[in-house]
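Welcome! Here is a short briefing to read alongside the sequence and the model. Please have a look at both before going on.

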Amino acid sequence: MKDIREDIAWAKINQDVMKSLENPRKLYWVILFFALMAFGFGLGCEVYQYQTGMGVANLNNPQVWGLYIATFIFWIGMSHSGTLLSAILHLMHADWRKPIYRFAEAMTTFSLMTAGLFVMVHIGRLWQFYYALPYPNDRGIWPNFQSPLLWDAMAIFTYLSSSVLFLFVGMIPDLAIARDNMQAGWRQKLYTLLALGWEGTDRQWRNFRVTYLTIACFLIPLAVSVHSIVASDFAMSQQPGWHVTSFPPYFVAGALYSGCAAIITLFIILRYVFKFEEYMTLPILKKIVRLTFAIAMVWTYLNAVEFASVWYSHDQVSKDVLIQKMTGNYSPFWWGMIFCGSVVPLVFAIKRFQTNIPVLFATSLLLNLGMWLERWMIVAPTFSHGYYPWTWDHDQWPSIVQWGMVFGSFGWFTLLFLLFCKVFPSVSMYEVKEMVYHRTLHLKKSETAEQGAH
Amino acid sequence: MSVSNLLENWSQVRHEHPVNDKPHDPYKWAMAIDLDACTGCNACSVACYAENNLPVVGKEKFQHGQQMHWMRVERYWDEDGREFPDQGFQFLPMMCQQCEAAPCETVCPVAATNHTADGLNSQIYNRCIGSRYCSANCPFKVRYFNWYDYPTTENVWPAEMTQQLNPDVSVRGKGVMEKCTFCVQRLSAAKVTAKGEGRIVREGEVQTACQQACPTSAISFGNIVNPESRVHKQWAAQQVELDKDKQAKNEKEEGPGLRGYRILEELRAYPSVMYLERVRESAV
């Protein structure tokens, strides 16, 4: 089993990837249509909520956060695996990342943008959101730098801007290829502009490598810090079920987990829609599947750590929240999370399924369902069973407006992602060529070695 | 410029102890609520609605848990085996506890909720962006969010009632957090009068709306710094101290007859409201 055929001609790589910009399979338009519908519905819900007030989301006291914050964490989490593939595996010289890291990095960018939307729809006075920005003003009023929410905003903004930069810089040689292969039109103008006059000279390549590596190194600590800071929103608070020391690593593991599962889903879709069978090969898929399985087990372990530390802490209130999660109104969702997050990934341990596309597709969706439930089960039960007994009977079921925005966010993400894949090369051409080249080198070396042995 | 400001006023930013380092001079507003005297009549709650222009949200929104009662009277059923109608219950009037180390203040991203020099936990409506983090971190869940634009909602204040709205209190728009202020408009007015006469506010000169309406005088309110105030005497008699997280009542083994406690003291939020435990058996 090899990650890629060593006899693909470089011209064919160009041709295949450029084709993906022009004629995808029909499924592309079907998905695009549904994404547009979902986004439109979500947008309608937001307009309604903006006009009428947050009350239409069926939030109440004490359930003040609901699905918005849960889904916000979900999307932030989703973004992390893009960085794992594009930056960490780049430093580790893992060649198999090359055909798939571009779309993973795009996933990072777009899921961060989706998460940003949830901050917006969540706040009560969207029209005053700029109060949270540290902009200079003549009254000397600053945001509250003590608030984890503010750290959040800064961490996410830094991560988003560096991710966009990383995505763009890594694409420059490919944009030049696109520029040279396109007929005149708006696309060629766009590529010419974005390729920044790339000619492929030695000096350009050298500068390019250094820049790319620098941004990759910058991005890695960010990926860890962002979700740790999101975890601080909860860990820094005083509420039972949130005030947990192990939350930051737990959140980071959960983030990588849902991100990897999303990469499997998108891998399968892109491979079919854009006819990338030659590049997004099954052996590569198998590697991601194994990686996902490992992360799933880390997540399961951290879950167990959290439960055990709550259970043995003799912190009665936190313990009550945990018992409430397991046996209360939320128990179907909580057990659903355990099932989808810890039991379903066992499918990945079975070799037969590691390259079975329908099974992997269904499993990866279930994993992400589990991860979404996890976020919801972090946020909601603490509100309905916190410190204060008066809050204990107050359960809350999200209204259609909240659900609409959750579905709408998937539409928005899919929309951005599909448009990206249609406008920009979603497989990195120059890096696939490198991969093919490395493989030929490797083959040559082993051939020579064999000859020497005789 | 703001960095130098920060460095010059570092002592105001950094505290050794959340209570003792604060300038409680000449005022620190505090409350004491005698649960033995409380009959659960809800007059305090009604008075609060009238005084503070609280929107009346109606049945449907109440069922959704979106009511805005800054002062709420909670009911806890006795669990002694008796069944309704013989089953007894106890009342607990609950409002913002004006914590000295308020969990809500540190988490607000825009610093819309702050501590005042006279020991109030203030809420700046104009600054609030509605992230609701304060409510999420409040152990007592006494913060209320404007889920709708109540001033323009029908029947929140029926036409004849708009004449009754309190001109001293702003009406809050949609998307901001609000909560009990200890009737800060009355406190300000009293302070202005006192300042004009070159003195500080005297005991009994200012009352909160809930205190004023309470038929059994279960609520007392005043400046705890003033040793002559009723609230100071009550706190002192119960040996309850503002800066402690465990009071005499809970420290001594055989109860010396002390009834004073503060709710969820172990969280070290240092609330400004002392409750006096109920000693009488609940009678229905």
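Arg268(B) counts as partly exposed, because 16 C-beta neighbours lie inside 10 Å. Keep in mind that this is a predicted model. Most residues other than glycine have a negative phi, and most peptide bonds are trans.

**Positive phi in chain B**
- Arg268(B) is not a glycine, yet its phi is positive, at about 60°.
- You can find Arg268(B) in the loop between strand 9 and strand 10 of chain B.
- Leu264(B), which is not a glycine either, has a positive phi of about 50°.
- Look for Leu264(B) in the loop that runs between strand 9 (260-261) and strand 10 (273-276) of chain B.
- Leu264(B) has 17 C-beta neighbours inside 10 Å, so it counts as partly exposed.

**Cis peptide bonds in chain B**
- Asp25(B) and Pro26(B) are joined by a cis peptide bond, with omega about 5°.
- Pro26(B) sits in the loop between helix 2 (10-13) and strand 1 (29-34) of chain B.
- Another cis peptide bond links Phe84(B) to Pro85(B), and its omega is about 10°.
- The place to look for Pro85(B) is the loop between strand 2 (72-77) and strand 3 (89-94) of chain B.

**Where chains A and B meet**
- Chain A brings 36 residues to the contact, and chain B brings 36 residues.
- On the side of chain A that touches chain B, helix 6 (residues 148-181) of chain A gives the most, with 3 residues.
- That side of chain A has 17 nonpolar, 18 polar and 1 charged residues.

Technical notes. Residues are numbered from 1 along each chain as its sequence is written. Chains are lettered from A and ligands numbered from 1 in the order in which they are written. This is a predicted model: local features need pLDDT of at least 70, side-chain atom pairs count only at pLDDT 80 or more; totals for chains, interfaces and linings use all residues. Two residues are in contact if their C-beta atoms, placed from the backbone, lie within 7 Å. Helices (H or I, at least four residues) and strands (E, at least two) are DSSP runs, numbered from the N terminus. Ala, Val, Leu, Ile, Met, Phe, Trp, Tyr, Cys and Pro count as nonpolar, Asp, Glu, Lys and Arg as charged, and the others, Gly among them, as polar. A residue is buried if 20 or more other C-beta atoms lie within 10 Å of its own, exposed if 12 or fewer, and partly exposed in between; C-beta atoms are placed from the backbone.
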